[in-house]
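Work through the exercises below with the sequence and the structure side by side, and try each task before reading its solution.

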Amino acid sequence: MNRPRTIARALLAITLAFATLLVQPGTASATVYAQIEGTGSTWSELIVQQWIADVDANGMKVVYTGGGSSKGRKDFSQNSTDFAISEIPYQGTDETGQADTSNGREFAYLPIVAGGTAFTYQLKIGNELVRNLRLSGETIAKIFTNQITNWNDAAITADNNGRAFPSLPITPVVRSDGSGTTAQFTTWLDSEFPSIWRPFFGGSGLTSYYPKESGSRAIGQAGSDQVMNTISGFAGNGTIGYVEYSYPVNKDYPVVKVLNKAGYYVEPTQYNVAVALTKAKINQDKSSALYLTQILDGVYRNTDARAYPISSYSYMVIPTGADDPRMTTAKRQTIADFLYYSLCAGQTKAGPYGYSPLPLNLVQAGFEQISRLKQADSAVDLTDRDVRSCNNPTFDGKNLNKNQLAAIAPAPAACDKQGEGPCGTATGTNEPSTDDGGGTAPDGGPAGGGGASPTGAGAGTDTTGSGAAGGNAPPPVVDPATGAVVGGTSTGAATSDAIYANPTELAADRALDTRTFGWLAALLAVGLVVVPGFYAASLRRRRKPGTVR
């Protein structure tokens, strides 16, 4: 018996066995993903594309195409996609009388990100771009219903505290496709300015398709990116349109400061959006098809000086049927892990991208919606996740219903108050307009005094009503741009209630898998290097001097 050759063969067999285990799809240590495809909202597309790029290195392939919320919902209902993203739920029947349902496909909504619908514009005095325009909601409503048609209108001058602009026709830029952004904008118009909106629309309620009057200067463009490009383009002077705040932030382009109910002109930074959404009501009926969808009347009328009125959430529509024709275990796993990343670690990028991260209780509710993927298919792996490890700037470990980002939001600058200013600082920079970083509200109350709501409603309200972390403790001193605590008390204690998994530990990169894959890979590497050398050495020892092989 040739012992060296036998040992070499044994080592090689062991190495190959472990190599097979390393790539075997069905083993416990490997997670199998399959490419998923979705369509829908351009309002949330910028952050979604960033999340897609982030998870690609973990083996998750996600393809997302904008085209508007209406297209997303329709594609999902026709089984053309694996998921959709929309700012509004299925309407049953749309404004044109067409069916707007899932067509029997089982689904669930879950919020994925918050943000503000911004009004970006190009208005020049000489060759200088105006970067600090202020408008009331009534003025905006009249601009987009063709009642105010020139930038030198007295209402615009009044909003800017007597500052007059040149005689220049206003060109509204609206969405030409079925848009969740349009639906959000027109929901606000219908709620707050019905006497202006309804005669123009010819009815009541929202619409995803913005109406255009004959003879109007309005321009229709498909997608938020085309609205933004039209406004910022060479021939864009005099234009104004509505997009998610991330688009002008990405282009370093100005946005309108909108007058809120407290009498302050504010822009939709992550702080002002977070404050506004403490007044959102979220459907908490888990038996309802509208579970987790939003009612925003309280947001529009939020009397906190920091609140941006046109703030809202965007939703992913996910398939939950056990017999869904497009679903496999691998696809459901990809949806689950992509959403775990998006709802947790991905939320840390929301603010820098011009969005606002979700509060903890909406993230928790999102986790519960994801669990319906496992109810449909028991092979989906949802283990080893814990929401407590999410590094989300809204989270307050002591109070799941409190939005810490709203608590530390700085007060607006005094020059932002109606009848004062306007401030000389530029908008669209993603920086808060404030006189200091102390986070004290203009009424003298604490920065977190967004008001309590007994319903809580998933909106991230401070149920103590104090606005201070821990109830009676003073709010921390923070940097108004970064939200980092620079003094005072920290409130970042971890909650003792486990909810699900560490969403930052994706299934393809969990601790057990990492350790297992690590030593298997090391053994494989050693085997591939050592075994051939060992075998070659054994052959050399068997050769006799002078023998030619």
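**Exercise 1: Strands in a sheet**

In this predicted model, strand S1 (residues 36–40) and S2 run parallel and are joined by 4 bridges. Task: find which residue in S2 is the bridge partner of Gly38, and then work out the order of the strands in the open sheet.

Solution. Begin with Gly38, whose bridge partner in S2 is Tyr64. Next, follow the pairing from strand to strand, which gives an open sheet of 8 strands in the order S2-S1-S3-S17-S6-S12-S10-S11, with mixed pairing. The edge strands of this sheet are strand S2 (62–65) and S11, each of which pairs on one side only. Finally, the twist from one strand to the next averages 25°.

**Exercise 2: A strand and its neighbours**

Solution. Now turn to the neighbours.

**Exercise 3: Aromatic pairs**

Task: decide how the rings of Trp197 and Phe200 are arranged, and where Tyr210 and Tyr242 lie in the chain.

Solution. A pair of aromatic rings is described by two quantities, the distance of the centres and the angle of the planes. With ring centres within 6.5 Å taken as a pair, the count comes to 20 aromatic pairs. For Trp197 and Phe200 the centres are 6.0 Å apart and the planes are at 45°, so this pair is tilted. Both residues lie in helix H7 (residues 194–201), 3 residues apart, which is about one turn of the helix. Since buried means under 20% relative accessible area, Trp197 counts as buried because its relative accessibility is 1%, and Phe200 counts as buried because its value is 12%.

The pair of Tyr210 and Tyr242 is tilted, with 6.1 Å from centre to centre and 45° between the planes. This pair links distant parts of the chain, for Tyr210 lies in the loop between H7 and S11, whereas Tyr242 lies in strand S12, 32 residues apart. Both Tyr210 and Tyr242 are buried. These two tyrosines belong to one aromatic cluster, whose members include Trp197, Phe200, Phe119 and Phe144.

**Exercise 4: Cores and a helix**

Task: identify which residues touch the most other members of the largest nonpolar core, and explain why helix H13 is described as largely enclosed.

Solution. The largest nonpolar core has 105 residues, of which Phe119, Phe144, Ile240 and Ile370 touch the most other members. Strand S6 (residues 107–121) gives the most to this core, with 9 residues. Another core, of 7 residues, lies apart from it, and Val173, Val227, Ile231 and Val243 are among its residues.

For helix H13 (residues 360–376), start with the length: at 1.5 Å a residue its 17 residues should span 24 Å, and the end C-alpha atoms are 25 Å apart, which agrees. Then count the cover: 13 of the 17 residues of H13 are buried, so the helix is largely enclosed by the rest of the structure.

Notes. Residues numbered from 1 in each chain as written. Predicted model: local features only at pLDDT ≥ 70, side-chain atom pairs only at ≥ 80, totals over all residues. Heavy atoms only, no water. Phe/Tyr/Trp six-rings, centres within 6.5 Å; stacked < 30°, edge-to-face > 60°. Helix = DSSP H or I, 4+ residues; strand = E, 2+ residues; numbered from the N terminus. Buried < 20%, exposed > 50% of the residue type's maximum accessible area, 1.4 Å probe, protein only. Core = buried A, V, L, I, M, F, W, Y, C linked by side-chain atoms within 4.5 Å. Expected span 1.5 Å × (residues − 1). Pairing = 2+ DSSP bridges. Axes fitted to C-alpha atoms, helices over the stretch in contact; angles between N-to-C directions.
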